[in-house]
Amino acid sequence: MTLLYTSDPARGQIWRDIFAKEAADIGFVAPPEAYDPAAIRYLAAWSPPADLIASLPNLEVLFSIGAGVDQFDMASLPPHIQVVRMIEPGIVAGMVEYATMAVLALHRDLIPYRAAQAEQRWAPIKLVPAEQRRVGVMGLGQLGKAVLGALRPFGFALSGWSRSPHAVEGVTCHSGREGLGTFLAGCDILLCLLPLTPDTRGILSRDLLSRLPEGAMLINAARGGHLVAEDLLALLDQGHLSAAMLDVTDPEPLPAAHPFWRHPRILLTPHVASMTRADSAARALIANIHRHQAGEPMDGGVARGRGY
Ligand code: NDP
Ligand code: OXD
């Protein structure tokens, strides 16, 4: 059985070495190296073209190189192909660091201080104790739960929202459309960690963001497609929202004229919240291929119908 890898060549070399040392039973090929399309049962890719998939008659599993699978065109994938997202500790660690940094940056007024420094203004802002700052996370999956766990020791009032009900220690959990209003009304800082699906595209809209308390702040570390850019700008300009930190945008990168670049109350990072770590991802993939071989469920299997 052979895995075809079609992503970043530097990571590919690390994966090739790890597969050779630790999983000699799995063949590893990466273009431009020649391969027999009929031998490929596994494909690891970020955004494979439809003609590549069509050229692999025995493909069984498509592995995403990252945590998200929204970059795949699910409709054009033959129905028998299983889709698996990347679950590996490097992605979680990166997101925990980023989300902690972002929540603390907004909580400790980094955005107004950045503006004050540019104007040479010495302008202290009264501290809000962490227990009086309500932080809500949309998405209680592998990332949302890990982030909430890391935020707990700071003492924030934590809540979370997901599709189905969850119980997370120290976190007030809400679910479904019926739980959304109560969740939003209790978020001074809202962090989006949802997958991008037909249900969640454009969810960070004027309608939803208006239900946050006056002066609330937004962090989007999920996908640019969750956010309606003009709605965020309007709510910042009206003062309903006071700041935003965005790791993801639509499109990426933003065009030079996009208002996000120069907005004084938006802090941008270039989709770096978390990155797949080559060594731990290779080992996660090997473990999943062995599970598949053994007829066991794989870690990160995607329900194609719901998109995550
Ligand atoms: P998971 O699949 O583990 O978790 C998704 C969570 O979102 C679940 O709790 C799920 O609810 C919830 N959810 C999905 N749809 C809805 C909906 N319609 N309404 C309410 N809740 C919903 O995903 P991960 O935590 O692994 O990753 C989340 C996303 O983070 C990725 O899809 C990716 O887009 C983004 N990401 C961004 C990175 C970056 O660098 N910026 C890096 C890595 C990931 P339920 O539990 O009920 O199923
Ligand atoms: C991912 C990402 O989905 O980096 O892993 O965005």
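Q: How far apart do the C-alpha centres of domain 1 and domain 2 lie?
A: In this predicted model, the two centres are 33 Å apart.

Q: Where are the bounds of those domains?
A: The domain assignment puts residues 2–88 and 276–293 in domain 1, and residues 90–268 in domain 2.

Q: And how many residues of each are in contact?
A: Domain 1 contributes 12 residues and domain 2 contributes 6.

Q: Switching to ligand 1. How many residues surround it, and which are the closest?
A: There are 29 residues around ligand 1. The closest are R85, L140, S164, H166 and Y308.

Q: What does Y308 do there, in terms of atoms and distance?
A: An N or O atom in the Y308 side chain is 2.6 Å from an oxygen atom of ligand 1.

Q: How much area does ligand 1 expose when taken alone, and what share does the protein bury?
A: Alone, ligand 1 exposes 940 Å², and 93% of that is buried by the protein.

Q: Back to polar atoms. What about L140, backbone or side chain?
A: Backbone. A polar backbone atom of L140 lies 2.8 Å from an oxygen atom of ligand 1.

Q: Which residue has a backbone atom by a nitrogen of ligand 1?
A: R163. One of its backbone N or O atoms is 2.9 Å from a nitrogen atom of ligand 1.

Q: Which pocket does ligand 1 take up?
A: The space taken by ligand 1 is the largest pocket.

Q: And ligand 2, which pocket is that?
A: The largest pocket as well; the space taken by ligand 2 is also given that description.

Q: Which residues are around ligand 2?
A: W46, G66, A67, G68, R223, H271 and S274.

Q: How does that shell divide into nonpolar, polar and charged?
A: The shell of ligand 2 has 2 nonpolar, 4 polar and 1 charged.

Q: What is the distance from A67 to ligand 2, and which part of A67 is involved?
A: A polar backbone atom of A67 is 2.7 Å from an oxygen atom of ligand 2.

Q: Then R223, side chain or backbone?
A: Side chain. An N or O atom there lies 2.7 Å from an oxygen atom of ligand 2.

Q: And what is the distance for H271?
A: 2.6 Å, between an N or O atom in the H271 side chain and an oxygen atom of ligand 2.

Q: What share of ligand 2 does the protein bury?
A: The protein buries 82% of the 210 Å² that ligand 2 exposes when taken alone.

Note on methods:
Residues numbered from 1 in each chain as written. Chains lettered and ligands numbered in written order. Predicted model: local features only at pLDDT ≥ 70, side-chain atom pairs only at ≥ 80, totals over all residues. Heavy atoms only, no water. Near = heavy atom within 4 Å. Polar contact = N/O pair within 3.5 Å; in protein donor to acceptor, adjacent residues only side chain to side chain. Areas by Shrake-Rupley, 256 points an atom, 1.4 Å probe, with all protein chains shown as cover. 1 Å grid on protein atoms, 1.4 Å probe; cavity = no way out; pocket = protein on both sides within 12 Å on 5 of 7 lines; lining within 4 Å. Sits in = over half its atoms within 2 Å of the grid points. Nonpolar A, V, L, I, M, F, W, Y, C, P; charged D, E, K, R; others polar. Domains from an automatic or database assignment. Contact = heavy atoms within 4.5 Å.
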